[in-house]
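Here's a quick tour for anyone opening this structure for the first time. Keep the 3D view handy and follow along, topic by topic.

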Amino acid sequence: MNDIKRLWWVRHAPTHARTMVGWTDLPADLSNSAQIKRVSDALPETAPIITSPLSRAVETGKVIANARHTLQPDPDLREIHFGEWENRTFDDVNAESEEALRAFWDTPGDTHPPGGESWNALRARVDSAADRLLRRPEADIIIVAHFGAILCQVQRALGQDTPTVFAQKIDNLSVTCLEYQGTWRAKHINKLF
């Protein structure tokens with residue numbers, strides 16, 4: 001494959017939750033219409049949009065779409081699944097499972113919350129979705145997804161270890177553009193418009 005492919009990762013609008021929100025389906029706050037317009041205007045006009053099936057991503061995708069074609073949501077683009085820690089505060093989980101919580105954040109990889117998903121499982125799932133998108137005919141595809149889904153693709157593009165990539169910010173309504181032409185490269189990460 002010699003053609004350049006660009007995956008334009010957009011993190012959904014904020015939920016304002018102060019809990020571990022993975023697969024919990026919370027709505028997005030779409031009140032920042034000026035920023036939403038700036039994001040939409042910065043994205044390729046003819047690129048199709050695909051989202052995670054979680055409503056915060058679907059809703060964000062709808063408001064940035066304008067006349068763009070929208071693809072069916074892909075469940076492989078969901079956020080990491082926190083299992084029994086879903087929608088609970090860090091303090092609450094820490095008080096109950098301090099050692100397990102520390103292991104999850106300090107030794108990411110195959111460590112996972114009870115009934116949840118490891119970083120490596122998230123990465124394999126999102127890598128698979130991204131690889132499917134690379135096989136599409138379009139040069140540019142817009143993906144509205146989540147912090148973890150975007151971050152694992154930044155890790156893939158930069159070749160960083162997990163603790164290093166965990167320090168990377170991915171703000172709500174930011175754009176991360178990753179290019180592929182035989183190898184990955186980051187055009188920009190966490191760009192706010």
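This is a predicted model: local features need pLDDT of at least 70, side-chain atom pairs count only at pLDDT 80 or more; totals for chains, interfaces and linings use all residues.

- Let's start with helix α4 (residues 119-134) and helix α5 (residues 147-158), which pack with their axes 9 Å apart and at an angle of about 80°.
- Angles from 65 to 115 degrees count as roughly perpendicular, so that is how α4 and α5 stand to each other.
- On the α4 side, the contact is made by Trp119, Leu122, Arg123, Val126, Asp127, Ala130 and Asp131.
- From α5 come Gly148, Ala149, Leu151, Cys152, Gln153, Gln155 and Arg156.
- What sort of residues make up the contact of α4 with α5? They split into seven nonpolar, three polar and four charged.
- Arg123, Asp127, Asp131 and Arg156 also turn up in a network of salt bridges that links them.

**Salt bridges elsewhere**

- How many salt bridges does a search of the whole structure find? The count is 14.
- One of them joins the side chains of Glu96 and Arg88, at 2.9 Å from N to O. Glu96 is exposed, with 56% relative accessibility, while Arg88 is buried at 18%.
- Another pairs Glu179 with Arg185, and their closest N and O atoms are 3.0 Å apart.
- Lys169 is exposed, at 52% relative accessibility, and Asp171 is partly exposed, at 21%.

**A buried charge without a partner**

- Now head to the loop between α2 (55-65) and α3 (90-106), where you'll find Arg68.
- Arg68 is buried, yet it has no salt bridge.
- Which side chain of opposite charge is nearest to Arg68? That would be Asp41, 6.3 Å away.
- A salt bridge needs a side-chain nitrogen of Lys or Arg within 4 Å of a carboxyl oxygen of Asp or Glu, so Asp41, at 6.3 Å, doesn't qualify as a partner for Arg68.

- Pro114 and Phe82 are 32 residues apart in sequence, but their C-alpha atoms are 7.8 Å apart in space.
- Not counting residues up to four places away in sequence, Pro114 touches Phe82, Gly83, Glu84 and Trp85.
- Ala28 is in the loop between β1 (5-11) and α1 (33-42). Is Ala28 buried or exposed? It counts as buried, at 14% relative accessibility.
- From Ala28 to Val58 there are 30 residues in sequence and 9.1 Å in space, C-alpha to C-alpha.
- With residues up to four places away in sequence set aside, Ala28 touches Ala13, Pro14, Arg56, Glu59 and Thr60.

**Two positive phi angles**

- Leu173 has a phi near 60°, a positive value in a residue other than glycine.
- You'll find Leu173 in the loop between α6 (162-165) and β4 (175-180). Leu173 is buried, with a relative accessible area of 4%.
- Asn190 isn't a glycine, but its phi is positive as well, at about 55°.
- Where is Asn190 placed? Look in strand β5 (residues 184-191).
- Asn190 has 15% relative accessibility, and buried means under 20%, so it counts as buried.

How values were computed: Residues are numbered from 1 along each chain as its sequence is written. Side-chain values use heavy atoms; hydrogens and water are left out. Helices (H or I, at least four residues) and strands (E, at least two) are DSSP runs, numbered from the N terminus. Buried means under 20% relative accessible area, exposed over 50%, partly exposed in between (1.4 Å probe, protein chains only). Lys and Arg count as positive and Asp and Glu as negative; His and the chain ends are not counted. Axes are lines fitted to C-alpha atoms, for helices over the stretch in contact, and angles run from 0 to 180 degrees between N-to-C directions. Angles under 35 degrees count as roughly parallel, over 145 as roughly antiparallel, 65 to 115 as roughly perpendicular and the rest as oblique. Contact means heavy atoms within 4.5 Å. Ala, Val, Leu, Ile, Met, Phe, Trp, Tyr, Cys and Pro count as nonpolar, Asp, Glu, Lys and Arg as charged, and the others, Gly among them, as polar.
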